[in-house]
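Please read it alongside the sequence and the model.

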Amino acid sequence: MDIVNIYMYRNDSGRVQPELINVQSDPDLLKTAAQWAQSGEPEELPNIQEIKQMYVFQYQFRNGDTIQDVYYMYVTDTSNEQYMKEFEGSLKKDTDKFGDLEKERILNLIGLEGWKKVSASDLLNS
């Protein structure tokens, strides 16, 4: 079964970060989401202070007998623009505070190059 796990970095939670906030398995939504993840135009990220929210989308799908994971970081800024980048593996927070230093650490791990500006995700609205 194909699914998308949606995680969010939160400052107001004592749970492991990023925190799982939603699981999507609707086939029509997943098909659209897969195409959406590949869309977008190359764009630099805004300054760390302008990044409002950060999410991890974990696309999980079966490929023969194995289950594969593809990870995307999805960020929104204070102007409600959205950016996305595929990255390897999952990320955990080093601290319980999710401020500018933690955002910067995570984004540096993923890399500041290769981001795309995308439309708002339907995965968060369902």
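Rings of Phe, Tyr and Trp (for Trp, its six-membered ring) pair if their centres lie within 6.5 Å; planes under 30 degrees apart count as stacked, over 60 as edge-to-face and the rest as tilted. By this rule, ring pairs link W36, Y55, F57 and Y74 into a cluster. The model is predicted, so local features need pLDDT of at least 70 and side-chain atom pairs count only at pLDDT 80 or more, while totals for chains, interfaces and linings use all residues. Residues are numbered from 1 along each chain as its sequence is written, and side-chain values use heavy atoms, with hydrogens and water left out.

**Aromatic pairs**

- The count of aromatic pairs comes to seven.
- F57 and Y74 are stacked because their ring centres are 5.1 Å apart and their planes lie at 20 degrees.
- This pair links distant parts of the chain, with F57 in strand β4 (residues 51–63) and Y74 in strand β5 (residues 66–77), 17 residues apart; helices (H or I, at least four residues) and strands (E, at least two) are DSSP runs, numbered from the N terminus.
- F57 is buried, at a relative accessible area of 0%, and Y74 is buried at 2%; buried means under 20% relative accessible area, exposed over 50% and partly exposed in between (1.4 Å probe, protein chains only).
- Y59 and Y72 form an edge-to-face pair, 5.2 Å centre to centre with 65 degrees between the planes.
- Y59 is buried, with a relative accessible area of 9%, and Y72 counts as buried at 6%.

**Pairing of β4 and β5**

- β4 and β5 pair in the antiparallel sense over 12 bridges; two strands pair if DSSP finds at least two bridges between them.
- F61 stands opposite Q68 in β5.
- The two strands β4 and β5 form a hairpin with two residues between them, and G64 in the turn has a positive phi of about 70 degrees.

**Pairing of β5 and β6**

- β5 and strand β6 (residues 82–87) run antiparallel and are joined by six bridges.
- Y71 stands opposite F87 in β6.
- β5 and β6 form a hairpin with four residues between them, and N80 in the turn has a positive phi of about 60 degrees.
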